[in-house]
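Take a look at the model below.

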Amino acid sequence: LSAVTCSMMKNGKKGHSIVNWPLADLRDLRSFDPTNMVVSDCMSTDLFTIQKDDIIQLAVDVIDWKKLRYLPVEDKEGKLVGFITSRTLIKYFADHDSCDPDTQIVSDIMITDVITITPDANIMTARNVMQENQVGGLPVVLDGELVGIITETDFVNITVRLLDRLAEEE
């Protein structure tokens, strides 16, 4: 909201017609302190999920199709019950030469002790949790319901925006 407001102020002063304004961007902020960002500011909310009774092959296909590394597992009420990572699948197939991904189900391999974070947590806290637990993705949960995911890719995107902003200032 702050970026939109700053963009409106900046473009309004230029006198250009609103239809010609560029989209608001974090670079429009005069003073941007990324350490004050919260997880909901940068998490992904357009998620693909599976259920624990789905076959493992579905998890493989979704991860491959959408180029994902993390796949949350939900129950029928939308509550997070597990997590599958691409590493989970690699390890599973490496350890089980005779497995049949068309008959075995997600609950057989999913991570059930899932480390999560809330949407209002500071991103520095999220980064610390990820580093301390050596995980690349954290499901974002509110009252047990999955609302997003924050991954190392989101932190790369934040870094890119900061570097772009610094380059513009020089």
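Does Leu 89 count as buried or exposed, and at what relative accessibility? Leu 89 counts as buried, at 7% relative accessibility. Buried means under 20% relative accessible area, exposed over 50%, and partly exposed in between, with a 1.4 Å probe and protein chains only.

This is a predicted model, where local features need pLDDT of at least 70, side-chain atom pairs count only at pLDDT 80 or more, and totals for chains, interfaces and linings use all residues. Residues are numbered from 1 along each chain as its sequence is written, and side-chain values use heavy atoms, without hydrogens and water.

Leu 89 sits in helix α4. Helices are DSSP runs of H or I with at least four residues, strands runs of E with at least two, both numbered from the N terminus. Leaving aside neighbours within four places in sequence, Leu 89 contacts Ile 56, Ala 59, Val 60, Ile 63, Ile 84 and Ile 109. Contact means heavy atoms within 4.5 Å.

Now the helix pair. Helix α3 (residues 56–66) packs with helix α4 (residues 86–95) at an angle of about 130°, and their axes are 11 Å apart. Axes are lines fitted to C-alpha atoms, for helices over the stretch in contact, and angles run from 0 to 180 degrees between N-to-C directions. α3 and α4 are therefore oblique to each other. Angles under 35 degrees are roughly parallel, over 145 roughly antiparallel, 65 to 115 roughly perpendicular, and the rest oblique. On the α3 side, Ile 56, Ala 59, Val 60 and Ile 63 make the contact; on the α4 side, Ser 86, Leu 89, Tyr 92 and Phe 93 do.
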